[in-house]
Amino acid sequence: MSYTEKIKEVIDGSDVAIFMKGTPQFVMCGNSDRALQALHRAGATVTAVDVLPDPQIRQDLTAISGWPTIPQVFVKGELVGGADIVEELEASGELGETLRAKLGEGFAGAGDDRTVALA
Amino acid sequence: MRNLLQSAFPDAQEVDVVDRTGGGDHFQVVVTAPSLTGLSLVEQHRRVYEALAAPLADGTIHELRIKTKGAA
């Protein structure tokens, strides 16, 4: 399966997906960390993909999303944005509202983060 | 960068570019423009990325933080 297919599978098949530098256990970039922390504070459990093992992952992701930077956060298949937007939505309270609206009331604290290796 | 943003947002009430680290590659930009009113944050940030596509593509901008607002 190509990266493009695998990326689409993660985006469409995950409640909350984050494409980041590193993993939730070992974050390799401050912006990826900002987005991940905001999602965690909102109660989200994430499916994480590390884009660093192969530059092609990031290229294929950007071709799909039209978003040039990392991290990229998707909720139920829809691009929410990067670190700035996720933090801004957290500050306004919209992040929690979006998660509740798309995932249902019981979304918070639903298990552990998952990491999907594409490479 | 300021010129690129000003030509992309000719109606902008505010365009600010800050070199966050002094190294010339980590930037914070602020754009307030009526043409952004009513757009989602994703669409607002997309407009900024489009305006700065060239310096993003050639690596001039290594990291970009964006703050956008519609009409004040």
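In which strand of chain A does Gly22(A) lie? In this predicted model, Gly22(A) belongs to strand 2 of chain A, which covers residues 22-23. The surroundings of Gly22(A) can be described by counting neighbours. A residue is called buried if 20 or more other C-beta atoms lie within 10 Å of its own, and exposed if 12 or fewer do. Gly22(A) has 18 C-beta neighbours inside 10 Å and therefore counts as partly exposed. When neighbours within four places in sequence are left aside, Gly22(A) is in contact with Val27(A), Met28(A), Cys29(A), Ser32(A), Asp50(A) and Leu52(A).

The description now turns to the helices of chain A. Two packed helices are described by the angle between their axes and the distance between the axes. For helix 1 (residues 3-13) and helix 3 (residues 55-65) of chain A, the axes come within 9 Å and cross at roughly 60°. An angle of 65 to 115 degrees would count as roughly perpendicular, and one under 35 degrees as roughly parallel; helix 1 and helix 3 of chain A are therefore oblique to each other. Their crossing is right-handed. On the side of helix 1 of chain A, the contact is made by Tyr3(A), Thr4(A), Ile7(A) and Lys8(A), while helix 3 of chain A contributes Gln56(A), Ile57(A), Asp60(A), Leu61(A) and Ile64(A). Sorted by class, this contact between helix 1 and helix 3 of chain A holds 5 nonpolar, 2 polar and 2 charged residues.

A second pair of helices in chain A is arranged at another angle. Helix 4 (residues 83-92) and helix 5 (residues 94-103) of chain A pack at about 95°, and their axes are 5 Å apart. Helix 4 and helix 5 of chain A are therefore roughly perpendicular to each other. Val86(A), Leu89(A), Glu90(A) and Ser92(A) of helix 4 meet Glu94(A), Leu95(A) and Thr98(A) of helix 5 in this contact. The residues involved divide into 3 nonpolar, 2 polar and 2 charged.

Strands of a sheet pair through backbone hydrogen bonds, either parallel or antiparallel. Strand 5 (residues 72-75) and strand 6 (residues 78-81) of chain A pair in the antiparallel sense over 3 bridges, and Val75(A) has Glu78(A) as its bridge partner in strand 6. Between the two strands of this hairpin there are 2 residues, and Lys76(A) takes a positive phi near 50°.

In chain B, 3 strands form an open sheet in the order 1-2-3, with mixed pairing. Strand 1 (14-19) and strand 3 (63-69) of chain B stand at the edges with a single partner strand each, so one side of each has no neighbour in the sheet. From one strand to the next, the twist averages 10°. Strand 1 of chain B runs antiparallel to strand 2 (residues 26-32) of chain B, and 6 bridges join them; Val18(B), for example, has Gln28(B) in strand 2 as its bridge partner. Across strand 2 and strand 3 of chain B lies helix 2 (residues 41-51) of chain B, running at about 125° to strand 3.

How many residues does each chain bring to the contact between chain B and chain A? Chain B provides 10 residues and chain A provides 8 residues. On the side of chain B that touches chain A, helix 2 and strand 3 of chain B each supply at least two residues. Helix 2 of chain B gives the most, with 5 residues. The residues on this side of chain B divide into 6 nonpolar, 1 polar and 3 charged.

Conventions. Residues are numbered from 1 along each chain as its sequence is written. Chains are lettered from A and ligands numbered from 1 in the order in which they are written. This is a predicted model: local features need pLDDT of at least 70, side-chain atom pairs count only at pLDDT 80 or more; totals for chains, interfaces and linings use all residues. Axes are lines fitted to C-alpha atoms, for helices over the stretch in contact, and angles run from 0 to 180 degrees between N-to-C directions. Helices (H or I, at least four residues) and strands (E, at least two) are DSSP runs, numbered from the N terminus. Angles under 35 degrees count as roughly parallel, over 145 as roughly antiparallel, 65 to 115 as roughly perpendicular and the rest as oblique. A crossing is left-handed if the near helix is turned anticlockwise from the far one by less than a right angle, and right-handed if clockwise. Two residues are in contact if their C-beta atoms, placed from the backbone, lie within 7 Å. Ala, Val, Leu, Ile, Met, Phe, Trp, Tyr, Cys and Pro count as nonpolar, Asp, Glu, Lys and Arg as charged, and the others, Gly among them, as polar. Two strands pair if DSSP finds at least two bridges between them.
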